[in-house]
Amino acid sequence: MLMSRVAVGGLLGVIVAFMDVNNLIIGKSHYLLYHLVSAIQPRMLVTFNEDLKPLPVPVRVGQAVDVVGQAGKPKTITGFQTHTTPVLLAHGERAELGTNEYTPLTPVMEGFVILRKNEDMEE
C-alpha cells in the first residue's frame with residue numbers, strides 16, 4: 001500500500017487544526033497534535049516463510065547506495081553489518097539477504113517480506 005488512509009486522516013486533522021493556531025493548538029486543544037501519531041511508522045524488516053511463520057534469516061544492513069544507471073549488478077549497500085531478522089532500519093539504511101538460501105517475493109526488502117526457499121541453492 002503506497003498511502004495509508006489512517007495516516008493521511010491524522011495529518012489532515014492536524015493541518016485543519018493549524019488553521020486556528022491560537023485557539024486550538026496553543027490554547028486548550030493542544031491534544032489535537034496526538035493525531036500525528038497515526039502517521040508514524042517504524043522502518044523495519046520482518047521475514048516470513050510461505051506459510052506466514054516468522055523466519056529468522058541473516059541480512060546485511062548498511063547505508064543505501066544509489067545504483068541507478070550502473071551496469072551489471074552493483075552492490076546496493078555499503079558499510080554493512082550482518083543481523084538476524086527482525087531488524088529496525090535507520091534513516092538512509094537498506095537491507096539485503098545475507099545468503100542465497102531464500103529468495104524474496106517482493107522487490108523491496110522493507111516491512112514484511114515473504115521468502116521462498118531457493119531451489120537453485122546447492123546443499
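Is Thr 85 buried or exposed? Thr 85 is buried, with a relative accessible area of 5%. The legends below take this residue and others in turn. The model is predicted.

**Close-up 1. Thr 85 and its surroundings.**
Thr 85 sits in the loop between strand 3 (77–84) and strand 4 (87–88). Its relative accessible area of 5% falls under the 20% limit, so Thr 85 counts as buried. The side chains of Thr 85 and Thr 47 are joined by a polar contact of 2.8 Å. The Thr 85 side chain also reaches the backbone oxygen of Leu 55, at 3.2 Å. Leaving aside residues up to four places away in sequence, Thr 85 touches Leu 45, Thr 47, Leu 55, Pro 56, Val 57 and Val 59.

**Close-up 2. The salt bridge of Arg 116 and Glu 50.**
The structure holds three salt bridges. One of them joins the side chains of Arg 116 and Glu 50, at 2.7 Å from N to O. Arg 116 belongs to strand 7 (residues 111–117), while Glu 50 lies in the loop between strand 1 (44–48) and strand 2 (58–64), so the pair ties together parts that are 66 residues apart in sequence. Arg 116 is partly exposed, at 36% relative accessible area. Glu 50 is partly exposed too, at 47%.

**Close-up 3. The salt bridge of Glu 96 and Arg 60.**
Glu 96 pairs with Arg 60 in a salt bridge, and their closest N and O atoms are 3.0 Å apart. Glu 96 is in strand 5 (residues 93–97) and Arg 60 is in strand 2, so this bridge ties together parts 36 residues apart in sequence.

**Close-up 4. The salt bridge of Lys 117 and Glu 101.**
The side chains of Lys 117 and Glu 101 meet in a salt bridge of 3.0 Å, N to O. This pair links distant parts of the chain, 16 residues apart: Lys 117 is in strand 7, and Glu 101 is in the loop between strand 5 and strand 6 (102–104). Lys 117 counts as partly exposed, at 38% relative accessibility. Glu 101 also counts as partly exposed, at 31%.

**Close-up 5. A nonpolar surface patch.**
Which residues make the nonpolar surface patch of about 750 Å²? They are Leu 11, Leu 12, Ile 15, Val 16, Phe 18, Met 19, Leu 33 and Leu 36. Leu 11 is found in helix 1 (residues 5–17). At 38% relative accessibility, Leu 11 counts as partly exposed.

**Close-up 6. Ile 25 in helix 2.**
Ile 25 is part of helix 2 (residues 21–28). Ile 25 counts as buried, with 11% relative accessibility. Beyond residues up to four places away in sequence, Ile 25 touches Ala 17, Phe 18, Asp 20, His 30 and Leu 33. Gly 10 is 15 residues from Ile 25 in sequence, and their C-alpha atoms are 15 Å apart.

Note on methods
Residues are numbered from 1 along each chain as its sequence is written. This is a predicted model: local features need pLDDT of at least 70, side-chain atom pairs count only at pLDDT 80 or more; totals for chains, interfaces and linings use all residues. Side-chain values use heavy atoms; hydrogens and water are left out. Helices (H or I, at least four residues) and strands (E, at least two) are DSSP runs, numbered from the N terminus. Buried means under 20% relative accessible area, exposed over 50%, partly exposed in between (1.4 Å probe, protein chains only). Contact means heavy atoms within 4.5 Å. A salt bridge is a side-chain nitrogen of Lys or Arg within 4 Å of a carboxyl oxygen of Asp or Glu. Patches are made of residues with over 30% relative accessible area and no salt bridge: like charges are joined within 9 Å, nonpolar side chains (Val, Leu, Ile, Met, Phe, Trp, Tyr) within 5 Å. Accessible areas come from the Shrake-Rupley method with a 1.4 Å probe; for residues, only the protein chains shown count as cover. A polar contact is a pair of N or O atoms within 3.5 Å; within protein, one must be able to donate a hydrogen and the other to accept it, and residues adjacent in sequence count only if both atoms are side-chain atoms.
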